[in-house]
Amino acid sequence: MVRKETLAQLLDEGRRKIQVTDEELAEAKRRRQLLAASARRAFPSSTTYYNGSVAHGDANSPLTDVDLGVVLTKKDAEPYGPGKKSALDLMEKVREVIHEDLDDEFDKLTIEVEGRRRAVLVRFGDPVTPGQDDFTADVMTALPHPSCRGLYIPNTKIADQWDRADPITHTRMVLQAIEDTKVVFARAVRLLKHWNCTHSKPVCSWNIKALCLGCLDEPMPLINALQVFFTYAADETDKGATPDPAGVAGPIPLNMPRVDVHKRLCTARDYIALAIEHEKAGRPLSAQHALHQVLPELVPDADGTQEEASRLAQIVLAGGAAASGLGLVTRITAPTRPRAWGE
């Protein structure tokens, strides 16, 4: 007998497949703390901050990296910034101290500065997730902004050598959203990042979270959170680039042309809506099949042929025509399938 599960059950099982283990998180946080201590030693009286997926509570397994930054004091930062010195010697100083502190424990440790755009890249040569090639960390050297809103962070690819950003506020906003939604925000982000990776990575992870900050602000079932996100994200992407939620940095760039990103978001939106419609109508296998199109590696496919046949028979008996759209035929003769992700 075919096992029939609700969309809530399917999503709960799916998110658990990609959830990081306590052991992965503990080791990642331990290494992050070691790096933070080195950064503070490199720049006495400085402060450190954490950002990225581990800090935001939305990391997926395999866990491959952590992100952190060190903010110099105003006095130490004075020689640096737009129109002044670049971050290169600050990055070299961080590299030197990290080597001094961690070489004994991590004998394969390498640290890259040359060619790095924003942060020192630390390669531990030792993964925290079994079977992975490595575990890395980005360590950013930042300056307090004169306005006290946000930071100056390195950007070696532009003439000014520095950009304005506010990663500290970003982390605070994400953690507040997780609290406001009773963890639904983080669980939705995990699933959305997986969707992104399995559909050509149309956007970066931060863009996903920035869009979620604009639409997920209260508890709701996870399937509804996905529906709210894809509807909102499709509308917002159609208008233009996603603005910085902190109102400090510039818009968030896309990974592919905006029209292609919009198509992928619309397709996912319509599949989620179809899954919800099928479930409400008592067609669990058809609902699962629709959800599988969005999260193919997390939700097993299901054969809803008999359910679809019954639905079409009801339409015939009612003397009506099926609605157009994903999986809803305009003629009773044959069901249609959605287009594949705008391709």
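**Burial, cores, aromatic pairs and voids**

Me: Why does Leu211 count as buried?
Reply: The relative accessibility of Leu211 is 4%. Buried means under 20% relative accessible area, exposed means over 50%, and partly exposed lies in between, with a 1.4 Å probe and protein chains only. The 4% of Leu211 is under that limit, so the residue counts as buried. This is a predicted model in which local features need pLDDT of at least 70 and side-chain atom pairs count only at pLDDT 80 or more, while totals for chains, interfaces and linings use all residues. Residues are numbered from 1 along each chain as its sequence is written, and side-chain values use heavy atoms, with hydrogens and water left out.

Me: Where does Leu211 lie, and which residues does Leu211 touch?
Reply: Leu211 lies in helix H8; helices (H or I, at least four residues) and strands (E, at least two) are DSSP runs, numbered from the N terminus. Contact means heavy atoms within 4.5 Å. Residues up to four places away in sequence not counted, Leu211 touches Phe229, Tyr232, Ala233, Glu236 and Thr242. The C-alpha atoms of Leu211 and Tyr232 are 7.7 Å apart, although 21 residues separate the two in sequence.

Me: How is the lining of the largest cavity divided by class?
Reply: Ala, Val, Leu, Ile, Met, Phe, Trp, Tyr, Cys and Pro count as nonpolar, Asp, Glu, Lys and Arg as charged, and the others, Gly among them, as polar. On that basis the lining has seven nonpolar residues, one polar and no charged. The largest pocket, with about 1600 Å³ of space, is lined by 46 residues, of which Gly52, Asp67, Cys204, Ser205 and Trp206 are the closest to its centre. The pocket lining comprises 19 nonpolar, 14 polar and 13 charged residues.

Me: What makes a set of residues a nonpolar core, and which residues have the most contacts inside the largest?
Reply: A nonpolar core is a set of buried Ala, Val, Leu, Ile, Met, Phe, Trp, Tyr and Cys residues joined through side-chain atoms within 4.5 Å. The largest such set has 47 residues, and Phe229, Phe230 and Leu291 have the most contacts inside it. Helices H1, H6, H7, H8, H9, H10 and H11 each give two or more residues to this core, with the largest share, nine residues, coming from H10. A second, separate core of 37 residues includes Val20, Tyr80, Ile98 and Val113.

Me: Why is the pair of Phe124 and Phe135 called tilted?
Reply: The structure has four aromatic pairs. Rings of Phe, Tyr and Trp (its six-membered ring) pair if their centres lie within 6.5 Å; planes under 30 degrees apart count as stacked, over 60 as edge-to-face and the rest as tilted. Phe124 and Phe135 are 5.9 Å centre to centre with 40 degrees between the planes, so the rings pair and fall in the tilted class.

Me: Why is the pair of Trp195 and Phe230 called edge-to-face?
Reply: Trp195 and Phe230 are 5.1 Å centre to centre, and their planes stand at 75 degrees. That angle is over 60, so the pair is edge-to-face. The pair links distant parts of the chain, with Trp195 in helix H7 and Phe230 in helix H9, 35 residues apart.

Me: How do you know whether Trp195 and Phe230 are buried or exposed?
Reply: Trp195 has a relative accessible area of 1%, and Phe230 is at 1% relative accessibility. Each value meets the limit for burial, so both residues are classed as buried.

Key: On a 1 Å grid over the protein atoms alone, a cavity is a set of points where a 1.4 Å probe fits but cannot get out, and a pocket is an open set with protein on both sides within 12 Å along at least five of seven lines; lining residues have an atom within 4 Å of a point. Grid points are joined across faces, edges and corners, and a volume is the space filled by probe spheres set on the points.
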